[in-house]
Amino acid sequence: MNENNLIEIRDLSIEFKLRSGTIRAVDHVSLDIPRGQVTALVGESGSGKSTLASAILNIVSAPGTIKNGSIFINGQDMLRYNANRLRQHRWADVSMVFQAAQNALNPVMRIGDQMIETVLAHQKMSKEEINKKASQLLDYVRLEPDRILKAYPHELSGGMKQRVMIAFSLLLDPQLVILDEPTTALDVITQDYIFDILLKVHKEMNITMLLLSHDISVVARVADRIGVMYAGKIVEVGETFEMFENAKHPYTAGLIQAAPSILDDVNDNRSIKGSSPNLLNLPPGCAFHPRCEFATDLCKQDEPRAISVDSGRISACHLNEKGEMLA
Amino acid sequence: MSSLLELRNISMIFEQKSGMLGKPTPISAMTDVQLSFEPGEILALVGESGCGKTTLGKVVTGLHKPSKGQLLFQGKDVWNMNKAEFSEYRQSVQLVQQDSYAALNPMRTIFQSLSDPILQHKFVRSRKEVYERVCELLNTVGLTPPEQYIEKYPHQMSGGQRQRVLLARAISLKPKLIVADEPVSMIDVSLRMAILRLMSTLNKNLGIAFIYITHDLATARYIAQHGRMAVMYLGKIVEQGSVHDVLAAPQHPYLQALLSAVPVPNPRIAKAKRELPLKSLDMPSITNPPSGCSFHPRCLYASQTCEQTAPSLMPSDKTIVSCHHVEKVPKWTIATVK
């Protein structure tokens with residue numbers, strides 16, 4: 001285990017048994033989450049990023065099961081934790097800000113009471129202490145603690161609820177916070193300041209983050225490293241600047257080219273052709289080949305392996321194996 | 001020659017009931033909106049949630065009857081039309097909604113969903129003609145080969161494909177105007193551009209005017225490259241002009257803040273971003289809007305005038321802007337590359 005990595009995922013596979021067949025939502029994935037950095041996982045819906053993240057808390061929802069692999073946190077495989085240790089791990093080691101913050105809060109309980117309940121489920125602390133801590137955190141995410149602690153969720157706007165969820169995720173001083181599409185369904189101004197707050201939390205509290213998003217524009221601002229997922233596999237990993245300026249995998253290049261912007265020439269952008277594959281009926285060879293403009297006969301038959309193409313840079317594409325680069 | 005469609009000082013007031021005995025509170029979702037559309041034009045209507053942009057779309061398509069003002073279609077007041085005229089208006093103005101799954105009947109195939117409107121309005125005469133017409137429509141929206149999609153149910157298609165079906169259904173009645181309300185917000189970013197391109201093509205080839213309602217300034221740019229843009233805030237239009245002029249030199253402080261918040265897919269620019277030019281981050285409640293200019297509590301340039309009197313849309317440079325202090329507001333730029 002590398003000292004610099006907080007989490008190392010090794011050869012993880014997650015399968016869903018359905019009536020119509022078995023889906024491998026996460027397919028032999030290995031990924032490092034370096035300590036003190038923001039790592040982002042990017043991919044279209046159905047690419048497996050949320051399923052992968054749920055494995056880090058061991059909360060893969062039925063009928064999904066973790067088939068094989070390990071997830072090391074500080075050198076220990078958390079998939080082999082007993083029930084007690086797992087409860088410690090959840091929220092205290094790793095916490096998560098879920099996609100729909102609106103639905104993550106209990107509608108009939110005051111925010112303050114929910115915070116007390118959350119802390120008491122994991123450790124002993126007096127209510128006064130918890131209230132003090134909660135107030136500090138709410139203040140930190142630019143909310144008025146006195147008002148929010150007494151409020152019910154319906155009294156808050158979407159942006160406020162999302163900030164409450166961020167405060168929740170920090171209650172037990174976790175080492176890693178997973179953010180699953182934290183700003184989808186929020187307006188751009190709200191999105192912008194939510195990321196301001198998250199970056200502040202990251203820098204000042206030195207918290208490692210894993211951000212899941214389908215929007216590579218959002219990731220550009222926040223992430224230090226990016227992993228790109230396609231059909232349950234990680235197809236490219238690298239530093240943010242390098243990924244944007246010199247994408248090695250055609251899918252990464254496609255995602256960047258498809259992102260609408262207020263700056264570039266409108267004629268330079270285009271969508272990736274086709275749509276995400278059906279996981280029940282994946283194309284042979286490289287799963288991306290039907291949508292790839294560089295696909296050759298080899299891509300239709302043989303699945304490319306993830307290889308190291310540069311320092312800290314991994315890509316799974318036959319083009320890279322031959323030493324060819326994308327223009 | 002009258003415009004295709006005109007909104008004359010339209011206000012839309014909803015009443016919110018408070019309890020059984022409480023007096024209902026009026027909520028003004030749209031205030032004094034004045035807009036006109038020429039045939040074949042594209043207008044991007046931009047604003048945050050709750051600004052009244054969807055209400056405007058529903059007023060234009062005749063789903064809400066405006067509380068005040070007039071909606072004119074080809075010079076005639078829509079809410080004073082005879083039956084034949086109203087039917088022509090309904091056919092000429094179509095709506096494409098955000099949630100493509102909810103907008104299609106899950107129990108009916110794509111063929112059934114697409115054949116109903118053309119049969120109803122007698123665009124075809126025989127069974128065979130219906131099939132041919134539906135295939136033609138699917139071809140037009142890029143669902144090729146049509147045979148592959150025609151017998152599918154909505155759940156068997158992806159979001160992008162369903163959105164194309166909605167566009168096919170909208171163009172099937174040969175409309176003059178399509179109101180597209182956030183048509184791409186539920187689709188993956190990687191596929192959005194293709195739907196936007198399709199709408200531009202339909203506009204160019206079939207001469208259909210579009211109102212593209214969105215919260216996303218970046219996508220508005222793509223569909224309405226040569227069109228107009230109107231920016232709404234709390235029920236009012238605050239800036240309006242050609243897309244190029246509005247984005248090249250945004251003048252209203254709200255629009256400037258909105259533009260600064262749009263994520264940029266370039267880490268060198270995105271990571272160097274500055275603070276938003278806003279005093280407060282949260283939008284005021286529409287049930288109790290601020291006095292005077294409704295943007296003043298969040299505005300960096302607000303004065304006493306702004307607290308007392310509401311500004312009106314006035315020409316300034318190349319666009320029209322509703323702000324008392326246009327000349328005081330500095331020129332907008334995105335944070336420069338380090």
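This briefing covers a contact between two chains and two helix pairs in chain A. The model is predicted. The contact between the chains takes 35 residues from chain A and 37 residues from chain B. Within chain A, H7(A) packs with H8(A) at an angle of about 15°, while H4(A) and H5(A) cross at roughly 115°.

**Contact between chains A and B**

- Chain B contributes 37 residues to the contact and chain A contributes 35 residues.
- On the side of chain B that touches chain A, the elements giving two or more residues are helix H7 (159-171), helix H8 (189-206), helix H9 (217-223), helix H11 (253-261) and helix H12 (267-270) of chain B.
- H8(B) gives the most to this side, with six residues.
- Sorted by class, the side of chain B that touches chain A holds 21 nonpolar, nine polar and seven charged residues.

**Helices H7 and H8 of chain A**

- Helix H7 of chain A spans residues 158-170 and helix H8 of chain A spans residues 188-204.
- Their axes lie 10 Å apart, at an angle of about 15°.
- H7(A) is therefore roughly parallel to H8(A), since the angle is under 35 degrees.
- The crossing of H7(A) and H8(A) is right-handed.
- From H7(A), the residues A:Gly158, A:Gly159, A:Gln162, A:Arg163, A:Ile166 and A:Leu170 take part, and they meet A:Thr190, A:Ile194, A:Ile197, A:Leu198 and A:Val201 of H8(A).
- The residues of this contact of H7(A) with H8(A) are six nonpolar, four polar and one charged.

**A:Gly158**

- A:Gly158 belongs to helix H7 of chain A and is among the residues of H7(A) that meet H8(A).
- A:Gly158 and A:Thr65 are 93 residues apart along the chain, and their C-alpha atoms are separated by 33 Å.

**Helices H4 and H5 of chain A**

- Helix H4 of chain A covers residues 111-120, and helix H5 of chain A covers residues 127-140.
- The axes of H4(A) and H5(A) come within 10 Å and cross at roughly 115°.
- H4(A) is therefore roughly perpendicular to H5(A), a class that runs from 65 to 115 degrees.
- The crossing of H4(A) and H5(A) is right-handed.
- A:Gly112, A:Met115, A:Ile116 and A:Val119 in H4(A) are in contact with A:Lys127, A:Ile130, A:Asn131 and A:Ala134 in H5(A).
- The contact of H4(A) with H5(A) has five nonpolar residues, two polar and one charged.

Conventions
Residues are numbered from 1 along each chain as its sequence is written. Chains are lettered from A and ligands numbered from 1 in the order in which they are written. This is a predicted model: local features need pLDDT of at least 70, side-chain atom pairs count only at pLDDT 80 or more; totals for chains, interfaces and linings use all residues. Two residues are in contact if their C-beta atoms, placed from the backbone, lie within 7 Å. Helices (H or I, at least four residues) and strands (E, at least two) are DSSP runs, numbered from the N terminus. Ala, Val, Leu, Ile, Met, Phe, Trp, Tyr, Cys and Pro count as nonpolar, Asp, Glu, Lys and Arg as charged, and the others, Gly among them, as polar. Axes are lines fitted to C-alpha atoms, for helices over the stretch in contact, and angles run from 0 to 180 degrees between N-to-C directions. Angles under 35 degrees count as roughly parallel, over 145 as roughly antiparallel, 65 to 115 as roughly perpendicular and the rest as oblique. A crossing is left-handed if the near helix is turned anticlockwise from the far one by less than a right angle, and right-handed if clockwise.
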